[in-house]
Each structure stands twice: as structure tokens, then as C-alpha cells.
Amino acid sequence: MTLNTFHLAGVASKNVTLGVPRLKEIINVATTIKTPTLTIYVAEPWHENGDVAKELGDQIEHTTLSQIVSCSAIYYDPGPESTIISADKDLIDLHRMLTAADG
């Protein structure tokens, strides 16, 4: 299975779950993740202080998708230039305006 292989040049035996097993963990909403990791980017002047990163990591709560999404729906919107969804009209107009300015 090709997707189940990986190569990291210069990294000796890094224990990471990648490829198909990681995708299965995400899709199946695994309760126990094999290699849980968290990367925290800290702004200056605290970016070299490991204690600050650890404290920030301790303050982050586990959040599930159901806690974020209160409602979801799938719409078929055939026209890329316009939209039949009134809530998306402003976003489509802004996109059209920005792409016209670039071109």
C-alpha cells in the first residue's frame, strides 16, 4: 500500500502516524490517537521560552467538531459567478471584486 509509506530525510525513527492510518484516525474520530501532537507557534518575545508554550498547551481544551458546528447542510449551487444562497452573496461579490483587481 503506497499511501502507507513515508520518508523523512535526515530524521531517524520519528514516531509519527501518517498516511492511511492517520486518515482513518481522523475520519473514524478515534478516541485514542496513536501519536498525539500539538505544534504551538509563540510570538516574540516568548518564542524561545518552552515554559510559555507548555502553559499555552495546557490551556487549550479538547474540542470536537460537534461543539463547533451547530447546523450543517449541503447545497448544490451551479453557477460559480453567482450564487443562489443568499448568505453567500456578499462573499461571492467580494471574491469577484478581488479577482477582478488581480487580473
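Which residue has a side-chain oxygen within 3.0 Å of the backbone nitrogen of Asp-51 at the start of helix 2?

**View 1. The start of helix 2.** The residue is Asn-49, whose side-chain oxygen reaches to within 3.0 Å of the backbone nitrogen of Asp-51. Helix 2 spans residues 50–59 and is hardly covered, with one buried residue among its ten. Buried means under 20% relative accessible area (1.4 Å probe, protein chains only). This is a predicted model, in which local features need pLDDT of at least 70, side-chain atom pairs count only at pLDDT 80 or more, and totals for chains, interfaces and linings use all residues. Residues are numbered from 1 along each chain as its sequence is written, and side-chain values use heavy atoms, without hydrogens and water.

View 2. Leu-91, Leu-94, Met-97 and Leu-98 make a nonpolar surface patch of about 420 Å². Met-97 is found in helix 4, residues 89–102. Met-97 counts as exposed because its relative accessible area is 56%, the cut-off being over 50%.

**View 3. The whole chain.** The protein has four helices and zero strands, as DSSP runs (helices H or I, at least four residues; strands E, at least two). Of its 103 residues, 6% count as buried. Among contacts (heavy atoms within 4.5 Å) between residues at least 6 apart in sequence, 0% join residues at least 24 apart. The protein exposes about 9,700 Å², of which carbon and sulfur atoms supply 58%, by the Shrake-Rupley method with a 1.4 Å probe.

Definitions and conventions:
Patch = residues over 30% accessible without salt bridge, like charges linked within 9 Å, V, L, I, M, F, W, Y side chains within 5 Å. Salt bridge = Lys/Arg side-chain N within 4 Å of Asp/Glu carboxyl O. Polar contact = N/O pair within 3.5 Å; in protein donor to acceptor, adjacent residues only side chain to side chain.
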